Amino acid sequence: MLTRKQYDLLRFIHERVKETGVPPSFDEMKEALDLRSKSGIHRLITALEERGFIRRLPNRARALEVVRLPDSVSPGIGGRSSARGFSPSVIEGSLGRVHSVPEGEEDAPAQGVAVPMMGRIAAGTPISAIQSRSHTLNVPPEILGSGEHYALEVRGDSMIEAGILDGDTVLIRKCESAETGDIIVALIDDEEATLKRLRRKGASIALEAANPAYETRIFGPDRVRIQGRLVGLMRRY
């Protein structure tokens, strides 16, 4: 399934190619999706390409081919206004799995795995590093897989195009390494914890937001410690 922004872009490209035989320009895509910069379009196109919905044709300008259209779109992933109020579901993709939880049922007895809630994590402006354990959540085991896990409450909007909204609870598998493209908990200078997509640029580490309003931050490898990798997300409705 696709996020709303990914779906809207795919449909726009498909309709433009069907009408004119030529894909839209990046400026046209930016205007159609009401984004502030073309960097957001680059990220959406990369996500669609990674999921097999479009293909870039080599040696041709503006050459995008729509390979297939999705059967459905993840409800409410495009922004805060439509993110609340959808039925319980599990959404799979680069985000991992999203599990919506009725308000007040996070700690209800259930057949699940007890995951410690470790505080808040910034997806936007910096906040304090990860806090101490406060309580536990019962999480369906199929969301987690193997390994040790913890949960964090998201604060900020820098990961909205990855379907991660302010107030969501992210499920993190503890690890000290990750692949480029993974969404990770990064501890910067042992002071600031943040949730961002990992990109490696030579010997440097880039922490990339999923919101064109935020710039990618680049650090030396000795300044960033990986605290875990995103495997799932829980959302109230």
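I began with the hairpin of β11 and β12, which has 2 residues between the strands and in which Gly-202 takes a positive phi near 65 degrees. The model is predicted: local features need pLDDT of at least 70, side-chain atom pairs count only at pLDDT 80 or more, and totals for chains, interfaces and linings use all residues. Residues are numbered from 1 along each chain as its sequence is written, and side-chain values use heavy atoms, with hydrogens and water left out.

I next looked up the strand pairing (at least two DSSP bridges between two strands). Strands here are DSSP runs of E of at least two residues, numbered from the N terminus. Strand β11 (residues 192-201) runs antiparallel to β12 and is joined to it by 5 bridges; Arg-199 has Ala-206 in β12 as its bridge partner. I found β12 and β13 antiparallel as well, joined by 3 bridges, and Ile-205 is partnered by Phe-219 in β13.

I then checked burial (under 20% relative accessible area, 1.4 Å probe, protein chains only). Because 4 of the 5 residues of β12 are buried, the strand is largely enclosed by the rest of the structure.

I moved on to Pro-212, in the loop between β12 (204-208) and β13 (217-219). Pro-212 is buried, at a relative accessible area of 16%. Leaving aside residues up to four places away in sequence, its contacts are Leu-35, Ser-37, Ser-39, Gly-40, Arg-43 and Glu-161, contact being heavy atoms within 4.5 Å. I noted that Ser-37 lies 175 residues from Pro-212 in sequence but 6.1 Å away in space, C-alpha to C-alpha.

Key: Buried means under 20% relative accessible area, exposed over 50%, partly exposed in between (1.4 Å probe, protein chains only).
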